[in-house]
Amino acid sequence: MDVGLLGQFVVNGMMLGMMYALVAVGFTLFFGVLDVIKFSHGDVLMVGTFAGFTTYIGMTAIGIDNALLQLVGVLVISIGSMAVMGAIIARYLVLPLKSAPPLNTLLVTLMLGTVLREAIRLFYPDGSNPKHFPALLPTDSWAVGSFTLRADSAILLLAGLLVIIGVNVLINRTRLGLAIRAVAQDEETAKCMGINFKMIVLLTFALGSGVAAFAGVMNGLYYNEINFGMGLLLGVIGFSAAIVGGLGNIYGAILGGFLFAGLQTLGAVALPFSSAYKDVFAFAVVIAIIAWRPTGLIAEKTSERV
Amino acid sequence: MDQQKETVLAFRGLTRRFGGVVALNEFDMELDNGQIVGLIGPNGSGKTTSFNVLTGIYSANGGTIEFLGQDITNWPAQKVYEAGVARTFQRSRLCLELSIFDNVMIGNHKRLNQGILFNIFQRKALKAQIEENYSEAHKLLKIFDPALAEKIFDPVGSLRMIDRRRIEICRALISHPRLLLLDEPSAGMTHEETRELMDDILEVREMIDGLSIILVEHEMGMIERVTDKCIVLNFGQKICEGAYRDVASDKLVQEAYLGGE
Amino acid sequence: MTQSLKDKLVILSLAVLATAFMITFLAIEEQAEIFALLVLAAVLVFASAKFGLIETISGCLSRNERLLNGAVVAATLIVAFWFYEDHFPLLMIATVLLYTVASCGLNMQFGYTGVVNFAGAAFFGIGCYTAAVLGETSVPMLMVIIVGGLVAALVGSILIIPVLRTRGHYAAVVTIAFGLLFRTFLEVNDALGGPQGLGVSGMNIFGWDFNSGITLTDDIEVSFYMNYVILALIMVMLTFVLMRRIERSWIGLNFDAVRLDETAAACYGIDIKHWKILSFTLGNFLAGTAGALYAMMLGFIAPSNFAFSDSLILVSIVLLGGMGSLWGTILAAGLVVLLPEKLQAIQEYRFLIYAVVMILILLFRPQGVLPRGLRAYIPGWRG
Ligand SMILES: Nc1ncnc2c1ncn2[C@@H]1O[C@H](COP(=O)(O)OP(=O)(O)OP(=O)(O)O)[C@@H](O)[C@H]1O
Ligand SMILES: [Mg+2]
């Protein structure tokens with residue numbers, strides 16, 4: 001195969017992997033602190049992207065058309081608003097169901113996802129059609145042989161990497177991270193040690209949702225198109241990645257995300273009929289991998305205590 | 001008694017680890033037909049784990065389990081039950097939404113006709129089976145508490161802790177097991193209630209041929225009164241075995257308990 | 001007056017009331033009137049709850065199951081025959097009935113056994129597509145319904161391994177992925193009509209063509225949908241009997257034990273996999289049969305009928321009615337299907353409204369509107 005095409009596939013795969021990993025990290029964080037599955041995660045990402053898009057339109061409307069300023073505005077509003085929303089979801093939907101059967105939490109967040117999706121479809125101006133997301137990053141490109149690396153791709157990859165490292169440092173090196181890990185280990189003991197359990201849960205949900213919003217903006221900047229249904233696919237794959245990586249484990253989530261992207265890219269290269277069947281293939285991979293490794297590549301913390 | 005001094009259960013070098021924790025370490029024990037054995041030891045010494053490994057919830061990392069002459073090491077939980085082992089759980093595990101009768105019938109699984117066609121199409125025969133099992137469950141419950149037997153169609157969630165313990169024991173006994181595993185049956189009960197419960201268990205034992213019991217208990221009065229012998233675990237290892245009197249005066253045991261507290 | 005006579009009178013008058021309500025509800029078209037009728041019904045329900053009437057009524061209903069079942073079937077028939085020449089109300093009734101069958105399938109899966117399935121619409125859709133494909137062949141159409149169910153069950157068995165192997169509710173993601181896969185597959189696949197979908201031939205039993213009206217006399221012409229109403233009603237009755245018998249047997253007990261505590265169930269000999277497979281397969285079978293007849297009735301199907309939100313509608317029916325509750329499922333299927341059809345104002349917003357209602361239900365009344373009661377193995381039997 002042509003080197004340029006191959007390079008393109010690699011960049012594409014890395015980008016996908018980065019996005020999946022960012023979504024998966026959220027699932028893993030929520031599962032860690034609260035043992036819950038929050039299915040609205042993908043749709044929170046979608047709403048975050050729309051929030052960013054709206055910010056861009058607003059800024060253009062009031063005459064700010066410096067791309068860098070716009071980018072900062074988009075990121076700040078998108079991430080900030082989703083962090084707040086994540087905390088609100090945790091406070092009013094997830095925590096109240098803490099002692100209910102886990103199925104109820106799953107259902108409640110699944111329904112919330114529908115609410116978000118439908119709200120955008122119905123109430124966002126012309127929300128049922130895809131939107132053109134602006135290219136706010138420089139589009140210069142470097143040619144290496146027949147392969148061209150675009151600056152925006154490189155910046156996005158770098159930024160994604162930085163966010164992942166940032167989250168990792170936050171979890172493993174700071175007091176907040178310590179508290180989050182303590183709660184994840186053992187809620188009761190953590191409470192006894194004077195950790196404000198509720199606060200930590202809210203902060204974790206804010207963090208995970210903010211990261212998802214970042215992934216959403218990244219998605220918009222890369223593909224230049226967003227729509228109300230985009231969160232569903234990203235959510236399902238992100239969740240599968242988190243499971244395959246072993247829920248509750250950040251490195252597992254990252255690994256799972258890149259694994260999915262790798263397989264999807266491989267499928268796109270190897271299967272002749274794949275362009276039309278791209279998503280069919282992605283979902284088939286989700287099912288197959290879960291069947292193969294239902295509890296993850298990296299083993300889970302403990303077996304259930306009886 | 002002595003005419004059938006047959007070994008019901010034997011652990012040989014049973015080992016189970018959780019990560020770095022060795023929950024059971026080369027555990028050997030034997031249990032004779034009709035015996036009641038007390039399994040004691042400080043918190044975290046591996047008592048519950050031995051039940052879990054025996055009943056197939058956890059697999060063993062080493063060693064063997066022999067039950068009625070068969071090697072049942074690492075059998076799935078269902079097969080262990082079929083072979084005649086029934087248990088209760090330290091933290092009560094009843095289906096709170098279901099009635100007392102339903103919960104007891106869950107324990108009777110192997111004696112009920114589970115055929116799909118039977119259950120859907122042979123309603124008459126099913127009805128007869130239900131009625132038959134109803135009277136048996138009623139009789140068993142009555143031994144523990146006549147009032148409870150009258151509430152047989154009430155949901156378990158509406159009952160007190162002591163009643164739930166009783167139902168769990170009935171669920172274990174209804175299928176006439178050869179070995180009953182009781183994991184802290186008296187947790188959360190008063191002394192008086194504990195005594196009553198143990199009397200009931202002894203009464204039922206007379207009804208079931210060759211029933212042996214392993215009793216995990218922190219309440220030493222109960223252990224002293226009912227057990228034929230005691231086994232003491234500490235950090236997954238057997239440190240002492242014998243009659244309660246001898247065990248209680250053993251130096252190692254006293255240290256383990258003092259150190260463990 | 002004896003207790004039993006009183007009971008019977010109560011049931012009969014309730015049946016009359018419900019029939020009159022349904023007829024009025026389906027007949028009126030003025031939005032304000034429909035709204036007023038719904039408010040009236042809501043006020044009546046709340047008032048009777050307030051004055052403790054609900055307990056009296058439900059006691060009376062559970063003492064007379066046979067009469068209740070008969071009254072409901074009779075009421076459905078009366079409502080259907082009242083509209084004998086109108087297509088739309090009959091189509092609505094048949095749709096409610098078929099959604100009931102499909103939701104019963106889901107109820108078996110996660111109401112009874114706790115096996116989540118968020119691809120209900122996909123299994124329903126498999127039934128639809130089976131009917132479309134087999135309609136072209138010489139397979140007898142009554143058989144097609146069964147085959148629709150079998151194909152759904154068979155396709156579902158692909159998912160059994162991942163569903164069984166995943167712990168707890170992770171299985172949810174497997175079914176979601178499958179539902180999305182099914183829809184995308186239909187859209188990109190040319191053989192099955194792609195996004196445009198397929199036409200489906202109507203039901204035909206031994207030469208009795210369902211898609212032509214029935215002329216009784218010169219001026220009485222019965223809508224062809226009546227055929228489908230009757231067949232769908234028969235399917236509901238069969239499903240109801242099956243669900244009831246399963247619930248009131250050791251199988252139902254095993255299902256409950258699996259749902260409530262897998263570990264304890266395993267320690268008492270209950271083969272978790274066996275019962276999960278049975279309930280998953282039977283549930284998909286039911287959804288598939290419902291889909292097959294539905295496709296024949298509509299005469300046309302397209303991938304857009306089987307989206308993720310359609311699966312969530314089936315889930316909503318189960319939740320709204322109450323997990324594992326049969327009457328609840330029937331009531332909820334009626335509400336969920338009919339309300340948006342009658343109230344045009346909410347038609348567009350129905351997914352949003354359902355989702356919000358479901359969140360409220362889960363937060364404040366997780367047992368649903370008609371919670372399932374304790375198992376009564378033999379009706380009226382108390383030992
Ligand atoms: N599922 C598990 N995962 C990890 N560690 C476990 C698990 N189950 C038990 N352990 C560990 O194994 C050891 C033995 O536990 P076990 O529950 O058998 O103790 P026990 O004797 O029953 O104590 P107690 O009197 O408190 O019930 C403990 O250190 C416990 O932490
Ligand atoms: Mg224990």
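**Charges, chain dimensions and salt bridges in a predicted model**

In chain A, the mean positions of the 16 positive and 15 negative charges are 9 Å apart. Residues are numbered from 1 along each chain as its sequence is written, chains are lettered from A and ligands numbered from 1 in the order in which they are written, and side-chain values use heavy atoms, with hydrogens and water left out.

Chain A contains eleven helices and four strands, taken as DSSP runs (helices H or I, at least four residues; strands E, at least two) and numbered from the N terminus. Its radius of gyration is 19 Å, close to the 19 Å given by the globule rule for 306 residues, so chain A is as compact as a globular protein of that length. The radius is taken over C-alpha atoms, and the rule is 2.2 Å times the number of residues to the power 0.38. Along the principal axes, the C-alpha atoms of chain A fill a box of roughly 60 × 50 × 40 Å. Of the 306 residues, 55% count as buried; buried means under 20% relative accessible area, exposed over 50%, and partly exposed in between (1.4 Å probe, protein chains only). Among contacts in chain A between residues at least 6 apart in sequence, 76% join residues at least 24 apart, a contact being heavy atoms within 4.5 Å. The accessible surface of chain A is about 12800 Å², with 67% belonging to carbon and sulfur atoms; such areas come from the Shrake-Rupley method with a 1.4 Å probe, and for residues only the protein chains shown count as cover.

One residue of chain A, A:Asn227, is found in the loop between β4 (225-226) and α9 (230-245). A:Asn227 is partly exposed, at a relative accessible area of 25%. Apart from neighbours within four places in sequence, A:Asn227 contacts A:Met46, A:Phe50 and A:Pro130.

Chain B has eleven helices and ten strands. A compact globule of 261 residues would have a radius of gyration near 18 Å, and the 19 Å of chain B agrees with this. The C-alpha trace of chain B spans about 60 × 45 × 40 Å along its principal axes, and 56% of its residues are buried. Its accessible surface comes to about 11000 Å², of which carbon and sulfur atoms hold 49%. Chain B carries 30 positive and 38 negative side chains, and the centres of the two sets lie 5 Å apart.

B:Lys47 lies in helix α1 (residues 47-54) of chain B. The residue is buried yet has no salt bridge, a term for a side-chain nitrogen of Lys or Arg within 4 Å of a carboxyl oxygen of Asp or Glu. The nearest side chain of opposite charge to B:Lys47 is that of B:Glu184, 4.8 Å away. Beyond four places in sequence, residues in contact with B:Lys47 include B:Glu184, B:Val216, B:His218 and B:Leu233. In helix α5 (residues 123-144) of chain B lies B:His138, which is buried at a relative accessible area of 15%. With neighbours within four places set aside, B:His138 is in contact with B:Ala149, B:Glu150 and B:Ile152.

Over all chains, the count comes to 33 salt bridges. One of these joins B:Arg178 and B:Glu6, with the closest N and O atoms 3.8 Å apart. The pair links distant parts of the chain, 172 residues apart: B:Arg178 in the loop between α7 (161-173) and β7 (179-183), and B:Glu6 in the segment before β1 (7-18). B:Arg178 is partly exposed at 23% relative accessible area, as is B:Glu6 at 34%. A further salt bridge, at 2.6 Å from N to O, is made by B:Glu241 and B:Lys238.

In chain C, the side chains of C:Arg259 and C:Asp256 meet in a salt bridge at 2.7 Å, N to O. Both residues lie in helix α10 (residues 250-260), three residues apart, about one turn of the helix. C:Arg259 is partly exposed at 24% relative accessibility, whereas C:Asp256 is buried at 0%. The two residues belong to a network of salt bridges that also links B:Glu97, B:Asp102, C:Arg244, C:Glu247, C:Arg372 and C:Arg375.

Definitions and conventions
Predicted model: local features only at pLDDT ≥ 70, side-chain atom pairs only at ≥ 80, totals over all residues. Lys, Arg positive; Asp, Glu negative; His and termini not counted. Charge placed at Lys NZ, Arg CZ, Asp CG, Glu CD.
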